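The following paragraphs lead the reader through one protein model, from its overall make-up to individual residues. Please keep the sequence and the structure in view while reading.

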Amino acid sequence: MRARHGLQGLLRGLRRTEPAPGDIRPPEADSELLLRVLCHEFRTPISTLTSLTRALADERRELTSADRRAITELARDQAVHLQSLLRDATAGTGALALTPQPESVVPLAGILREAAALVPAGRRRARATRRAGSCPVPAGRTRQVLVNLVENALRHGPPDGQIGLYATLRGPGLSILVTDEGRVDDALLAALRRPAPAVGMSGLGLWIVRQLIVTDGGALRVHRLRPRGVALEVLLPMARPVP
């Protein structure tokens, strides 16, 4: 049975944005932030489903059987995610009182294949060491994180640039890199530092990604690549192996 991984996975992050003692923030600020998160979380799976169906319909794009399987699995999971968002949205503000539910745990390799399927084969670089690919991760949150990061790379990187997904074990944890041929600019650095998202939708996706990663005790880092490019690194602690 698949665990829910919609708004409830962001609740800890929402609570971390509460004002410090002495700060004044109107109650509607929490509702406004929740609405923005909800809009973003609807936008990402809808955009993903649009990209996936376009890839399936594009006769010029040659898809392997593995690609078709990954696209089908990701489309199914994004549809499940949309259903969970609808359930959370219709639950009203009472949903904020809930704590994130335990996730189903799966090997990373399958989620990497799904996220990589968003990128046309000619622009895609994906590689994971055997140990990293078999590393267990929370299915829903990890999928949300990688889909958000790949969508960002497709949206903000050069139109024909290469996009990479790489995974390896690093020290006591798991390292997942999402790379593109863009650059590390002030807007990206600001989005990665903010304790709360800015007004509007700019930088909201990266803030959501950070909250999801922190839920699992991880961290998000940025690296400049040479001669050009940017890498966002997801660092997650090691979980117990999947049976």
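A salt bridge is a side-chain nitrogen of Lys or Arg within 4 Å of a carboxyl oxygen of Asp or Glu. Side chains of opposite charge can pair in this way when their charged atoms come close. The model shown here is a predicted one, and a search of the whole structure finds 5 salt bridges. One of them is formed by Arg143 and Glu114, whose closest N and O atoms are 3.0 Å apart. Arg143 belongs to helix H6 (residues 139-156) and Glu114 to helix H4 (residues 108-116), so the pair ties together parts that are 29 residues apart in sequence. Both Arg143 and Glu114 are buried.

Before the other pairs are considered, the chain as a whole deserves attention. The chain has 243 residues, and 47% of them count as buried. Its secondary structure comprises 8 helices and 7 strands. Among contacts between residues at least 6 apart in sequence, 76% join residues at least 24 apart. The accessible surface of the chain comes to about 12700 Å², and carbon and sulfur atoms account for 56% of it.

Two further salt bridges may now be located. In one, the side chains of Asp216 and Arg141 meet, with an N to O distance of 2.6 Å. This pair links distant parts of the chain, 75 residues apart: Arg141 is in helix H6, while Asp216 is in the loop between helix H8 (204-215) and strand S6 (219-224). Arg141 has a relative accessibility of 9% and therefore counts as buried. In the other, Arg170 pairs with Glu233, and the closest N and O atoms are 2.4 Å apart. Here the link runs between two strands, with Arg170 in strand S4 (residues 163-170) and Glu233 in strand S7 (residues 230-237), 63 residues apart. Are these two residues buried, exposed or partly exposed? Arg170 counts as partly exposed because its relative accessibility is 41%, whereas Glu233 is buried, with a relative accessible area of 2%.

Helix H4, which holds Glu114, can be examined next. Of the 9 residues of H4, 7 are buried, so this helix is largely enclosed by the rest of the structure. The buried residues of H4 are Leu108, Gly110, Ile111, Leu112, Glu114, Ala115 and Ala116.

How do the helices pack against one another? Two packed helices are described by the angle between their axes and the distance between the axes. H4 and H6 pack at an angle of about 30°, with their axes 10 Å apart. Angles under 35 degrees count as roughly parallel, and H4 is therefore roughly parallel to H6. The crossing of H4 past H6 is right-handed. The contact is made by Leu108, Ile111, Leu112, Glu114 and Ala115 on the side of H4, and by Ala139, Thr142, Arg143, Leu146 and Val150 on the side of H6.

The axes of H6 and H8 come within 10 Å and cross at roughly 155°. The two helices are therefore roughly antiparallel to each other, and H6 passes H8 in a left-handed crossing. From H6, the contact involves Arg141, Gln144, Val145, Asn148, Leu149 and Asn152; from H8, it involves Leu206, Val209, Leu212, Ile213 and Thr215.

Ala115, in helix H4, is buried, with a relative accessible area of 2%. Which residues does Ala115 touch, not counting residues up to four places away in sequence? They are Leu146, Val150 and Leu165. Ala115 and Gln144 are 29 residues apart in sequence, yet their C-alpha atoms are 9.3 Å apart in space. Asn148 lies in helix H6 and counts as buried because its relative accessibility is 4%. The C-alpha atoms of Asn148 and Ala115 are separated by 9.2 Å, although the two residues are 33 residues apart along the chain.

A final feature concerns the backbone. Most peptide bonds are trans. The peptide bond from Arg226 to Pro227, however, is cis, with omega near 5°. Pro227 is situated in the loop between S6 and S7.

Key. Residues numbered from 1 in each chain as written. Predicted model: local features only at pLDDT ≥ 70, side-chain atom pairs only at ≥ 80, totals over all residues. Heavy atoms only, no water. Helix = DSSP H or I, 4+ residues; strand = E, 2+ residues; numbered from the N terminus. Buried < 20%, exposed > 50% of the residue type's maximum accessible area, 1.4 Å probe, protein only. Contact = heavy atoms within 4.5 Å. Areas by Shrake-Rupley, 256 points an atom, 1.4 Å probe, with all protein chains shown as cover. Axes fitted to C-alpha atoms, helices over the stretch in contact; angles between N-to-C directions. Parallel < 35°, antiparallel > 145°, perpendicular 65-115°, else oblique. Left-handed = near helix turned anticlockwise from the far one by under 90°.
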